[in-house]
Amino acid sequence: NKTDTLGAGLSLTAATIQWRLTAVPGSSADPAVDFVEASGIVQFQAGEVRRTFQITSQNDTLPEVQHAFLLQLVSPSGDGRVCGFPCPLQQRTVVIEANDNPHGVVAFVSTTAVVSLDPGGTRVVTARLGRSAGVVGAVSVVVHGSYSGTPGAAGAFQQESVTTAFATGSNETTVTLRVQDTAMLTTSETITLNITAVQVNGVFGDGASSSVA
């Protein structure tokens with residue numbers, strides 16, 4: 001919420017003035033979406049020289065970037081008038097800070113990955129990745145696989161790190177690591193997948209690892 005105070009010279013009669021919010025030129029901001037009300041009227045009673053009014057931002061779950069607006073005073077009536085142009089008091093900039101991530105929070109959908117054989121007989125480990133609270137833009141995710149259970153099992157994967165990506169507007173993708181030696185996987189051995197990097201402004205979420213035993 002934003003609170004502003006208007007001041008006026010001493011007047012013997014009542015006066016009103018309208019305030020309105022407009023997007024800063026070149027901005028994607030929309031006052032009708034980002035605020036409960038994009039305009040309003042402030043009334044001064046006779047002899048009143050100061051009035052306070054409140055601008056309420058819309059509390060929603062939409063992921064958004066920083067937005068800037070111009071708060072302007074227009075259309076005085078009665079005994080009121082706006083200070084002459086140019087006048088720094090006739091408008092001011094209001095900024096809604098970005099407190100969420102439009103690119104989304106990336107995490108594994110499940111804490112359990114799936115081990116299977118591809119058509120060529122190579123064992124592969126597959127896990128699903130999801131992103132929540134935003135699907136703006138493409139996001140790349142680097143996943144690293146680690147292996148435990150057999151001494152000296154370094155190089156268990158054909159590639160220890162692979163990159164997968166979320167397309168613009170997509171909230172799910174999969175990642176697959178191919179196991180180098182299919183004989184290595186036994187009931188006492190564990191493969192763990194970890195998200196090691198999220199690129200293009202994605203952020204880590206809960207469930208940043210997925211393992212299969």
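Four strands make up an open sheet, in the order β3-β2-β5-β6, with antiparallel pairing (strands are DSSP runs of E, at least two residues, numbered from the N terminus; two strands pair if DSSP finds at least two bridges between them). The edges are β3 (39-44) and β6, each pairing on one side only. From one strand to the next, the twist averages 30°, taken between N-to-C directions of lines fitted to C-alpha atoms, on a scale from 0 to 180 degrees. The model is predicted, so to speak of local features takes pLDDT of at least 70, side-chain atom pairs count only at pLDDT 80 or more, and totals for chains, interfaces and linings use all residues. Numbering runs from 1 along each chain as its sequence is written, and side-chain values use heavy atoms, leaving out hydrogens and water.

As for the nonpolar cores (buried Ala, Val, Leu, Ile, Met, Phe, Trp, Tyr and Cys residues joined through side-chain atoms within 4.5 Å; buried means under 20% relative accessible area with a 1.4 Å probe, protein chains only), the largest has 20 residues, and F108, L129, V141, V143, V175 and L193 touch the most other members. Elements giving two or more residues to this core are β7 (105-108), β9 (123-132), β10 (139-148), β11 (161-166), β12 (172-178) and β13 (190-199). Another core, of 13 residues, lies apart from it, and includes I17, F44, L71 and L73.

Methods
Buried < 20%, exposed > 50% of the residue type's maximum accessible area, 1.4 Å probe, protein only.
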